[in-house]
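Hello,

I am handing over the structure you asked to look at. Please open it first, then read the notes below it.

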Amino acid sequence: MEILSQLWSLLGLLTVLQNILPTQLLSLLHSIYESFQDFFSPYSYFEIPEFNGYCGVDVNDLYRHVNLYLNSINPSATCRRLTLSRSKSSNRISFTVAPNHSVQDTFNGHRLYWTHHVETVQDSLDEKRSFSLKFPKRQRVPLLSPYLEHVTAKAEEFERVSRERRLFTNNGHGSYESGWSSVPFRHPSTFETLALEPELKNQLLHDLSAFADGKEFYSNTGRAWKRGYLLYGPPGSGKSSLIAAMANFLCYDVYDLELSKVSDNSELRALLIQTTNRSIIVIEDIDCSVDLTGDRTMKMRKTCKKGRHAGDAEEENGRVTLSGLLNFTDGLWSSCGEERVIVFTTNHRENVDPALVRCGRMDVHVSLGTCGPHAFKALVKNYLGVESHALFDVAEGCIRSGGGLTPAQIGEILLRNRRNADVAVKAVISAMQAKILGVTMDAIEGGPDYDDLARSPESMERRLAEPPENWEGSPEKAGGKRRRPVCAWDKKIKFLVRLRSLTKSDSGRRGV
């Protein structure tokens, strides 16, 4: 009791002195006390305020990095009190160290402590926030710089992965401050769900990973940190899904550039400047967006006929030219940012001007078409949850015989019949069989529509049960107009009859 009474007396004396002594003297005494404490303490302390200087305007970027870093390591294991938050546009819960609480971290075998200080400014509602770092004084020189670099790198990586990504489109006002409008990008496509053959998928993943980690490489080689991809293939082959999977894999924003809304080359450059780093710039259907392919030919013809005046008149028309797009992808203006991916898509690669797709502009050419065996199995797994099926061998035989379908066609059939896996797989096989018939009868009018046949697999069964001479579009029904040899026709008939027998025998064994 006597000790407690003495402590209370000491506290009362300190309170009286605090009210009597001048503020300057109290600050001096506090500074002397901290210096005395730091001299005998085995730890070093570093303060990281929220703002630089005393005006409170310039935000301290290191403070933001520390906040992100502590969020990335999930401090719930070492901190007794945390502040939890979640924004409306995100499903991720953010962790923040509660005011005046500490969290422990480990780096190179040493324990370090972060403390989040929050003080209320006198005669104001504002708060003064800062982080203090505490670690062994003996390791101050060899530990401080590497650790802060580690914190910054982890914070930037966490920010890249966790931030809300956006899908942008040009609004026709590229010459102004903001030529892009955006919405949240939440496309679910990933490389795990893509219908691609394993070899192509692995090549793309390796190339994208090497690009994302190639900052030092591109700097050492003197190249702009960008990469061009040309995706070509028929409609429904998965070009847009691949772009979305690339954006989700790299955690990049997507800029969907519609060239028909761009008035001239100057606006195109302005739009490029307004894009951010770590983004994918997409121009879909490059051969249809504007008439670029004929630019060079038309200009040469006009120059030959009307002289140089005609070439000048073309520039005065005010539109995007092939030269402007080339400078956009590979000129000096293309290096105004870094870590950018430029993607062109087209249904007809032969219609794209060769100057647009040469190496250095479109570095990787990706051909997308009908599904192979592995891609077909991936779609069945995604839509039906089935990893193996007795009819997979039959489907693979159809694919190798020219009956392959695009991912969109197979996906629609599986979606329509997703309640019954057996019916869905048989419907796809029926559509493949119908396409094989279409390959044989492609030059004859009235050939079967395999999409309609896929809606009713029984119609395909009835068709195969009829005599070949009664099949619509057969050489005999075509009035003797045989576009292909009869032997090829007979081979197709035997192949389809064999497929029918395999399908029916499998159905009998399974009791379907």
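**Helix α13 and its neighbours**

F376, L379, V380, Y383 and L384 of helix α13 are in contact with P407, I410, G411, L414 and L415 of helix α15; contact means heavy atoms within 4.5 Å. Helices (H or I, at least four residues) and strands (E, at least two) are DSSP runs, numbered from the N terminus. This contact of α13 with α15 holds 9 nonpolar residues, 1 polar and no charged. For these classes, Ala, Val, Leu, Ile, Met, Phe, Trp, Tyr, Cys and Pro count as nonpolar, Asp, Glu, Lys and Arg as charged, and the others, Gly among them, as polar.

Before going on, a word on where the numbers come from. The model is predicted, so local features need pLDDT of at least 70 and side-chain atom pairs count only at pLDDT 80 or more, while totals for chains, interfaces and linings use all residues. Residues are numbered from 1 along each chain as its sequence is written, and side-chain values use heavy atoms, with hydrogens and water left out.

Helix α15 covers residues 407-416, and α13 packs against α15 at an angle of about 35°, with the axes 10 Å apart. Axes here are lines fitted to C-alpha atoms, for helices over the stretch in contact, and angles run from 0 to 180 degrees between N-to-C directions. The crossing of α13 and α15 is right-handed. A crossing is right-handed if the near helix is turned clockwise from the far one by less than a right angle, and left-handed if anticlockwise.

Helix α13 (residues 373-384) also meets helix α14 (residues 392-403): their axes come within 10 Å and cross at roughly 135°. The two helices α13 and α14 are therefore oblique to each other. Angles under 35 degrees count as roughly parallel, over 145 as roughly antiparallel, 65 to 115 as roughly perpendicular and the rest as oblique. The crossing of α13 and α14 is right-handed. On the α13 side the contact uses P373, F376, K377 and V380, and on the α14 side F392, A395, E396, I399 and R400. By class, the contact of α13 with α14 has 6 nonpolar, no polar and 3 charged residues.

**Helices α8 and α12**

How do the axes of α8 and α12 cross? Helix α8 (residues 265-274) and helix α12 (residues 322-330) have axes that come within 9 Å and cross at roughly 15°. That makes α8 roughly parallel to α12. Their crossing is right-handed. The residues that meet are N265, L268 and L272 from α8 and G324, L325 and F328 from α12. Of the residues in the contact of α8 with α12, 4 are nonpolar, 2 are polar and none is charged.

**Single residues**

F249 is in helix α7 (residues 239-250). With a relative accessible area of 36%, F249 is partly exposed; buried means under 20% relative accessible area, exposed over 50%, and partly exposed in between (1.4 Å probe, protein chains only). Leaving aside neighbours within four places in sequence, F249 is in contact with F191, L205, L208 and S209. F249 and S209 lie 40 residues apart in sequence, and their C-alpha atoms are 9.0 Å apart in space.

T190 sits in the loop between β10 (180-184) and α5 (198-212). T190 is partly exposed at 25% relative accessibility. From T190 to N248 is 58 residues in sequence, but 6.5 Å in space, C-alpha to C-alpha.

S182 is in strand β10, and S182 is partly exposed at a relative accessible area of 30%. Apart from residues up to four places away in sequence, S182 touches R166, L167 and F168. S182 and L167 are 15 residues apart in sequence and 5.3 Å apart in space, C-alpha to C-alpha.

Not counting residues up to four places away in sequence, N60 touches I48, P49, E50, F51 and N52.

**The whole chain**

The protein chain has 19 helices and 15 strands. Of its 512 residues, 38% count as buried. Among contacts between residues at least 6 apart in sequence, 67% join residues at least 24 apart. The chain exposes about 29,500 Å², and carbon and sulfur atoms supply 52% of that area. Accessible areas come from the Shrake-Rupley method with a 1.4 Å probe; for residues, only the protein chains shown count as cover.

Regards
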